[in-house]
Amino acid sequence: MKLQKASSFALYAVLELAENPTSQLSGTEIADKYGISAHHLAKVLRDLGRAGIVEAARGVGGGYRLAVNAKRLTLLDVIQVFEPIGPQGAAEEDPELATDAGCALRMVLDELDDHALATFRSITISTMLKLMTRRPWAGSSRFTKAIRKAAARR
Amino acid sequence: MTNAITFRKPREIHIRPAVNSDLLGLIALDEEITGLAKRKYWKETFARYGARRRLSRFFLVAEYRGRIEGFIIGEVRAWEFGEPPCGWIFTVQVRPKTRLKGIGTQLFETLCDAFRHAGVQKVRTMMARDNQLVLSFFRSQGMMAGPFIELEAALD
């Protein structure tokens, strides 16, 4: 499964702000750390601000901070600002539902969407920070190679 | 317990194996949480997991100032689906008013200690997808999706 860029950027930003609750971070600082477009991240942060998830502090040393409790904020809360997650409920007029094959396929896709929804809804930002500290992927060759490649690119 | 498990006793919360005299408190706590009085169910559950102490079944309670504030039940299941024995958690409950104080975490960690002592390497559980409260709790304890997919069919 892949998230849209805006959702991933939003999660990076929220995790970064949750990890540094006493300081304010600028969009540029976050963008530099993750090697992502500062321009795109600025737009994402504005959307997160409108959703009440982050708040901007103006003036010298201004930046962003998390506006909600990381123990209460789920991955779903953040992702849903940018893209729908979970069964979308094909419209009755959807040609997909006019055939048995279409209905069967929709049933299977809904099952996958249900799992995605339950997963994103049950993981809080606080739980993600714990996961980042525990690093259960350490030793997994898939992740290690990707991390080395990213480091080489920087 | 008759074995050498050391149960954690942080602050005033005492995690210990359930005993017969806890039964009424457990029934009342479950009724407070679920809204259903299940006396027969809890008597049978206690008889199976609490009364007969063994190294593979665990019924633990969290006691605070003489009152049961939470409980957790689990057992070691051996070789289901061809997998090595693992610890299974059936249920965990904490009184709503005393949640977010770490009682659930202490119950979970103590049960995991008991599973380790029993020689298993994994702990598993299963619950409804829409049970966000408990699902989030287990996630916060570091649990991730395991290698199995639960399937069912209507028996028409």
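A residue is buried if 20 or more other C-beta atoms lie within 10 Å of its own, exposed if 12 or fewer, and partly exposed in between, with C-beta atoms placed from the backbone. Helices (H or I, at least four residues) and strands (E, at least two) are DSSP runs, numbered from the N terminus.

This is a predicted model: local features need pLDDT of at least 70, side-chain atom pairs count only at pLDDT 80 or more, and totals for chains, interfaces and linings use all residues. Residues are numbered from 1 along each chain as its sequence is written, while chains are lettered from A and ligands numbered from 1 in the order in which they are written.

**Chain A overall**

Chain A has seven helices and two strands. Along the sequence they follow the pattern α-α-α-β-β-α-α-α-α. The C-alpha atoms of chain A fill a box of roughly 60 × 40 × 30 Å, taken along the principal axes. Of its 154 residues, 21% count as buried. Two residues are in contact if their C-beta atoms, placed from the backbone, lie within 7 Å. Among contacts in chain A with a separation of 6 or more, 65% come from residues 24 or more positions apart.

**Helix 6 of chain A**

Which residues of helix 6 of chain A are buried? They are I125(A), T127(A) and M128(A). These residues cover an arc of only 155 degrees around the axis, which puts them on the same side of helix 6 of chain A. The arc is that of the directions from the helix axis to the C-beta atoms. T133(A) and R134(A), on the other side of helix 6 of chain A, are exposed. The buried residues of this helix pack against helix 1 (5–19) of chain A together with helix 4 (132–140) of chain B. Just after helix 6 of chain A, R135(A) takes a positive phi of about 50 degrees.

**Helix 1 and helix 3 of chain A**

Two packed helices are described by the angle between their axes and the distance between the axes. Axes are lines fitted to C-alpha atoms, for helices over the stretch in contact, and angles run from 0 to 180 degrees between N-to-C directions. The axes of helix 1 of chain A and helix 3 (residues 38–50) of chain A come within 9 Å and cross at roughly 75 degrees. That makes the two helices roughly perpendicular. Angles under 35 degrees count as roughly parallel, over 145 as roughly antiparallel, 65 to 115 as roughly perpendicular and the rest as oblique. Helix 1 of chain A contributes K5(A), A6(A), F9(A), A10(A) and A13(A) to the contact. Helix 3 of chain A contributes H40(A), L41(A), V44(A), L45(A) and L48(A). These residues divide into eight nonpolar, one polar and one charged. Here Ala, Val, Leu, Ile, Met, Phe, Trp, Tyr, Cys and Pro count as nonpolar, Asp, Glu, Lys and Arg as charged, and the others, Gly among them, as polar.

**I79(A)**

I79(A) is found in helix 4 (residues 75–79) of chain A. I79(A) is buried, with 21 other C-beta atoms within 10 Å. Not counting residues up to four places away in sequence, I79(A) touches L3(A), S7(A), I85(A) and F120(A). I79(A) and L11(A) are 68 residues apart along the chain, yet their C-alpha atoms are separated by 7.6 Å.

**Where the chains meet**

The contact takes nine residues from chain A and seven residues from chain B. On the chain A side, helix 5 (100–122) and helix 6 (125–134) each supply at least two residues. Helix 5 of chain A gives the largest share of that side, four residues. The chain A side divides into two nonpolar, three polar and four charged residues.

**The sheet of chain B**

Chain B has an open sheet of five strands in the order 1-2-3-4-5, with mixed pairing. Strand 1 (13–17) and strand 5 (123–125) of chain B stand at the edges, each with a single partner strand, so one side of each is left without a neighbour in the sheet. The twist averages 30 degrees from one strand to the next. Two strands pair if DSSP finds at least two bridges between them.

| Strands of chain B | Sense | Bridges |
|---|---|---|
| Strand 3 (residues 67–77) and strand 4 (residues 86–94) | antiparallel | eight bridges |
| Strand 4 and strand 5 | parallel | three bridges |

R77(B) stands opposite C86(B) in strand 4 of chain B. G74(B) stands opposite I89(B) in strand 4 of chain B. W88(B) stands opposite R124(B) in strand 5 of chain B.
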